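Thanks for coming. I will go through one model this morning, a few places at a time.

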Amino acid sequence: MTSILRAWPALLAATALTSCVSVPADEETSVYGAFLAARYAGVNRDAEGAANYYLEALDQLPGNEVLTDRAFITSVIAGDLDQASGLAVAAAEAGDPSRLATLFHVADRIARRDYGEALETLEGGPDYGPYNAFFRDILWQWALMGAGRDDEALEAAGEMQAPGFLSTHLWLHKAMLFEEAGNPAAAEAAYRSAVYTSTFRRLASEMYGGFLMREGRREDAVNVFDTYLDNDPSEASILALRDDARRGARAPRRPDIAGLAARAVLGPTADLAAQADMDLTVIYMRMIQRLDPDLAPLHVVLAGTLDRIGLHDLALAEYAAVPDGPFRLGAEVDRIVLMATLGQVDTAYAAARDLSERTGEPEAILLHADMARISGDWSVAAGLYGRALELNRDRGLPDDWRYHYFRASCFLMMDDWDAAEAEYLEALDLAPEQSTVLNDLGYMWIDRGERVDEAFEMISRAAEMAPENGNVVDSLGWAYYQMGHYELAVQELERATELNPGSATANLHLGDAYWQVGRFLEAGFQWRRALDLRPSEDERQALEYRLEHNRPPEHTPVYAAIDAAEDGEEAAEP
């Protein structure tokens with residue numbers, strides 16, 4: 001564990017919503033009512049409500065150090081940055097117990113190009129923990145640069161040390177400082193180091209390529225972008241920049257001081273969020289947002305963090321706030337997926353349809369297809385998957401096995417087995433080692449008594465690849481059942497219900513297997529349990545039959561059925 005992570009508990013204690021507030025007795029009821037309401041809102045992940053209640057408590061007890069700091073922090077998390085700006089000053093004057101208000105105020109001053117006050121505030125700031133000190137030093141150097149004190153900024157950057165994973169991010173910071181100071185040779189050397197060492201290579205490649213374009217070196221810029229795209233060929237922002245460089249479009253403008261400062265701390269803050277999602281990382285991201293409100297990748301990273309810590313409404317707002325450009329489509333897709341995850345399926349379906357029709361992009365069409373499939377519009381979904389495949393082929397992109405796989409499931413639900421089988425085979429040809437494809441096609445073949453040996457081998461391979469996947473283990477058990485190996489079926493189906501106890505299908509299958517080996521009481525128990533697990537309509541009817549007749553329908557193992565069919569064909573021959 002790094003020293004930065006060890007320092008977090010102290011910072012988190014400062015940002016918690018459960019601290020005590022010392023108030024005069026005659027004001028205790030009204031203040032504590034609002035304070036407790038704020039705590040309740042915080043526990044229920046209602047950042048806006050918590051901020052409003054803390055402000056209400058602060059109105060009752062102005063100047064209180066704890067309430068001022070809590071009001072500031074919750075306003076920042078809720079995204080009310082104008083409100084937070086004033087509270088940051090008050091919290092800093094009250095002692096800045098969280099050590100965050102001073103940094104936010106400095107970010108606000110840099111954004112307003114008030115570099116003198118930013119430097120003065122930092123000079124009188126509190127003692128900081130490791131990450132706050134790193135953040136402070138970067139803001140200090142950009143404020144110096146903005147104030148025209150280039151030499152001091154570069155000297156400070158040269159002496160700056162960063163612990164652990166933060167050190168590689170200094171190359172991009174220094175490169176941008178050198179470029180701003182008019183030293184292209186030093187800037188290029190630092191940009192090159194940033195590209196090859198940073199964990200946030202997309203931003204480093206964007207900034208390095210943009211620098212080369214501004215220097216008139218478009219071919220070199222294209223090489224930088226191509227190198228990045230070798231590992232991430234679908235990154236829209238780099239693709240757009242490469243196209244601009246190739247066709248001789250105007251070079252991207254260098255961001256202003258605030259925008260450069262934002263980019264200097266974006267990578268390390270994103271890395272911090274990747275290590276541990278918490279309210280604290282949101283506060284750092286909001287500081288970056290104050291520096292550059294239109295920084296698209298920040299909105300995306302911030303939205304993901306907000307979603308993971310349970311602030312879903314704020315996450316939706318951040319996805320919606322991504323400006324037009326290469327990040328917009330991905331953000332809209334993520335927003336719609338989040339809506340569907342939160343149970344807003346109808347709204348998500350309508351939004352996916354609109355996005356698909358408005359953009360015509362394969363990614364949007366695929367999302368529309370997924371939402372149609374989830375909503376039971378099988379025919380619409382199958383058509384959309386086919387359209388997405390055609391668009392990708394037109395663009396010279398390889399087929400994606402998932403399009404064929406999901407299209408097969410749609411045809412299956414439409415009772416068009418021939419079309420479903422053809423799509424499964426396409427998916428299998430593209431992804432012969434995908435356990436889901438092996439499992440589903442093998443299951444269907446065995447269930448239909450077709451290509452039994454091949455199907456059993458496929459399911460066995462899938463079970464070896466995904467031994468903890470309850471659906472795959474269920475398929476293996478059902479394959480044994482269909483082949484008449486009932487004891488083996490019981491063994492695998494018991495494991496399937498352990499891995500996936502909420503599966504009505506697995507419990508139904510286990511009930512049938514128990515009956516075949518003479519465990520009739522346990523069979524009835526499994527069927528009744530399956531009926532309580534939201535089975536499909538076909539499964540519900542099958543379960544009701546079994547419970548009414550105390551047995552499954554007559555079962556003939558697939559090999560016996562095949563032999564009987566072959567004997568019948570031979571007998572019918574003249």
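First, a term: helices here are DSSP runs of H or I with at least four residues, and they are numbered from the N terminus. Tyr 191 sits in one of them, helix α11, residues 184–197. Before going on, the ground rules. This is a predicted model, where local features need pLDDT of at least 70, side-chain atom pairs count only at pLDDT 80 or more, and totals for chains, interfaces and linings use all residues. Residues are numbered from 1 along each chain as its sequence is written, and side-chain values use heavy atoms, with hydrogens and water left out.

Back to Tyr 191. Is Tyr 191 buried or exposed? Tyr 191 has a relative accessible area of 0%, so it counts as buried. The cut-offs are under 20% for buried, over 50% for exposed, and partly exposed in between, with a 1.4 Å probe and protein chains only. Contact means heavy atoms within 4.5 Å. Leaving out residues up to four places away in sequence, Tyr 191 touches Leu 172, Ala 175, Met 176, Glu 179, Met 207, Tyr 208 and Phe 211. From Tyr 191 to Leu 493 there are 302 residues in sequence, and their C-alpha atoms are 57 Å apart in space.

Next, the core. A nonpolar core is a set of buried Ala, Val, Leu, Ile, Met, Phe, Trp, Tyr and Cys residues joined through side-chain atoms within 4.5 Å. The largest one has 183 residues, and those with the most contacts inside it are Phe 72, Ile 110, Phe 135, Trp 142, Tyr 191 and Met 287. Helix α15, residues 257–275, gives the largest share of this core, 11 residues. Met 287 is in contact with Leu 100, Leu 103, Phe 104, Ala 107 and Phe 135, again leaving aside neighbours within four places in sequence.

Thr 305 is in helix α17, residues 296–308. Thr 305 is also buried, at 0% relative accessible area. Beyond four places in sequence, Thr 305 touches Ala 273, Asp 277, Thr 281, Val 282 and Met 285.

Now a helix pair. Two packed helices are described by the angle between their axes and the distance between the axes. Helices α24 (residues 417–430) and α25 (residues 435–447) pack at about 145°, their axes 10 Å apart. Axes here are lines fitted to C-alpha atoms, for helices over the stretch in contact, and angles run from 0 to 180 degrees between N-to-C directions. Among the residues that meet are Trp 417, Tyr 424 and Leu 428 in α24, and Leu 438, Leu 441 and Trp 445 in α25.

Which residues of α24 are buried? They are Trp 417, Ala 420, Glu 421, Glu 423, Tyr 424, Ala 427 and Leu 428. Seen down the axis of α24, these fall within an arc of 165°, so they line one face of the helix. The arc is taken from the directions from the helix axis to the C-beta atoms. The face turned away from the buried side of α24 carries the exposed residues Asp 418 and Asp 429. Covering the buried residues of α24 are, among others, α23 (401–413), α25 and α26 (452–465).

Last, Gln 491, which lies in helix α28, residues 486–499. Gln 491 is partly exposed, with a relative accessible area of 49%. Its C-alpha atom is separated by 9.8 Å from that of Tyr 480, 11 residues apart along the chain.

Notes. Helix = DSSP H or I, 4+ residues; strand = E, 2+ residues; numbered from the N terminus.
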